[in-house]
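Q: Please take a close look at one helix pair in this model. Start with the chain as a whole, then go to the pair.

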Amino acid sequence: MSAEALAEPVVPVRRSWMTWLFLANLGLWLAIYAPIQVLLPQQAELLDAAGKEAVFGLVTGVGALVALIANPLIGLSSDRTTSRFGRRHPWTLAGALVGAVGLAVLSSASSVAVVVIGWCLVQAGLNGMLASLTSAVPDRVPVRQRAKVGGLVGVSQMLGTVLGAVVVTVLVSGLANGYLACAALVVAGAVAFVLITPDVRLPAADRPPLRWRELWVSPRRHPDFAWAWCAHFMINLGNAFGTLYLLYFLGDVVRHPAPEDGLLVLMLLYGVALATGAFAVGARSDRTGRRKPYVLMSAGVMAVAALLLVAWPTWTAALVAAPLLGVGFGGYWAVALALLTQVLPAASDRAKDLGVLNIANSLPQVVAPLLTTFVLASLGGYRGLFAVSAVATLCAAVLVTRVRSVV
C-alpha cells in the first residue's frame with residue numbers, strides 16, 4: 001500500500017477521473033475569481049466609493065497572505081494524513097466547506113473589517129482545497145499525460161473566471177446571492193470528486209515525520225525547483241497586473257457604458273481562447289515530451305497582449321488582447337503543471353512542495369495591489385501597469401530557461 005501511495009504513477013487516468021477533477025477545480029476557481037473579478041470590487045465601491053482601489057487592495061492583499069500560509073501548511077498536513085478516506089479527500093472537502101463559510105460571511109458583510117475576515121476564510125479554505133486537488137496530479141497522473149491534464153486544470157481556472165462572471169452578473173442578482181451561489185457550487189464540486197474518485201490511503205507506519213523546517217525547499221539543493229518557482233511567480237505577477245483592476249480600467253479609462261457587461265464579454269473571449277490554447281499546446285507537449293519551448297511561446301503571446309493595451313488602451317484593443325492573453329495563459333498552464341510536477345523533490349512531500357509552488361500563485365495577489373498604487377500614480381496610469389505586466393511575463397520566460405532537468 002505504501003508503494004501505491006508514494007510511487008510514481010504509470011497507469012493512465014481515465015476520462016471520467018479527469019472530468020471529476022475538472023469539475024472540482026471549476027467550482028474552486030469560480031468561487032475565487034467571481035469575488036475577485038466582480039463581487040469584491042462592487043462591495044469595495046459600496047463601502048467606500050472614493051477609496052475603492054485601496055479597500056480592494058487591502059482585502060485581496062490580506063487574503064493572499066493567508067493563502068501563502070494555508071497552501072503549504074495544509075499540503076504538509078495532507079502528505080502525512082493516514083485517514084481511511086485517503087490523504088487528499090478529507091482536505092478537499094474540509095477546504096470547500098471552510099471556503100463556503102467565508103463566502104457566506106461576505107454575503108452579509110457591512111464593513112471593511114468583516115469583508116477582510118470573510119475573504120481570509122475563503123482564501124484559507126480554498127487554498128487548502130487547491131493544495132489537495134493539485135497534488136492529485138502527481139499522485140495519479142503519469143508524466144506522459146500531465147500536460148493534457150494540466151490543460152484541463154488551466155481551462156477549469158479560466159472557465160471558472162468566465163462562468164463566475166456569468167453566474168454573478170446574469171444568473172443571480174445582488175451581492176449576497178452571488179456569494180451564496182459561489183459557495184454552493186464549490187461545495188458541490190468537492191463533494192462529487194470526493195465521493196466518486198478513489199484516494200489511496202497512506203499507512204501510519206509510512207507517514208513521514210513532521211518537521212516544520214521542511215515547509216520550504218532549499219534552492220541550493222533543488223535549483224530547478226527554485227527556477228521553476230520564480231518563473232511561475234513572475235508569470236502570475238504579470239497576469240495579476242493585467243487582470244486584477246480590469247473592471248476599473250473599463251470604467252475609468254475605456255469609459256465603457258456598462259463595465260460589468262464589458263468584463264463579461266472579455267472573459268468569454270478569454271475563456272474560449274484559453275481552452276483552445278490549453279488543449280492544443282498540452283496535446284503537442286505530451287506528444288513531443290518538451291515543456292520549455294511552449295512556456296517561452298506562451299509567455300511571448302501574453303506579453304504581446306499586454307503591450308497592445310499599452311499602445312491602445314481602448315475597447316477595440318481590449319477585444320483583441322483578451323483572446324491573445326487567453327491563448328497564451330492557456331498554453332502556459334497546460335505545460336506549467338507538467339513542468340512543475342517534474343521538478344518536485346520527493347514523492348512523500350508532493351502536496352507540501354506543490355503548496356510551496358502555489359505560493360507563486362498567491363504571492364502576486366499580495367505584491368500586485370501594493371505595487372499597482374505606485375505604478376498607477378508614477379508610471380503613466382494603466383498604460384504603465386500593462387507595461388509592467390509585459391515585463392514581468394517576459395522575465396518568466398528568461399527564468400524558465402534556467403531549469404535544466406526538463407526539456
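A: Buried means under 20% relative accessible area, exposed over 50% and partly exposed in between, with a 1.4 Å probe and protein chains only. By that cut-off, 60% of the 407 residues of the chain are buried. This is a predicted model: local features need pLDDT of at least 70, side-chain atom pairs count only at pLDDT 80 or more, and totals for chains, interfaces and linings use all residues. Residues are numbered from 1 along each chain as its sequence is written, and side-chain values use heavy atoms, without hydrogens or water.

The chain has 14 helices and zero strands. Helices (H or I, at least four residues) and strands (E, at least two) are DSSP runs, numbered from the N terminus.

Now the pair. Helix α3 covers residues 52–79, and helix α13 covers residues 350–378. Two packed helices are described by the angle between their axes and the distance between the axes. Here the angle is about 175 degrees, and the axes lie 8 Å apart. Therefore α3 runs roughly antiparallel to α13, a label for angles over 145 degrees. Axes are lines fitted to C-alpha atoms, for helices over the stretch in contact, and angles run from 0 to 180 degrees between N-to-C directions.

The contact of α3 with α13 has 13 nonpolar, 10 polar and three charged residues. Ala, Val, Leu, Ile, Met, Phe, Trp, Tyr, Cys and Pro count as nonpolar, Asp, Glu, Lys and Arg as charged, and the others, Gly among them, as polar.

Back to the whole chain. Its C-alpha trace spans about 60 × 45 × 40 Å along the principal axes. Of the contacts with a separation of 6 or more, 84% join residues 24 or more positions apart; contact means heavy atoms within 4.5 Å.

Definitions and conventions: Parallel < 35°, antiparallel > 145°, perpendicular 65-115°, else oblique.
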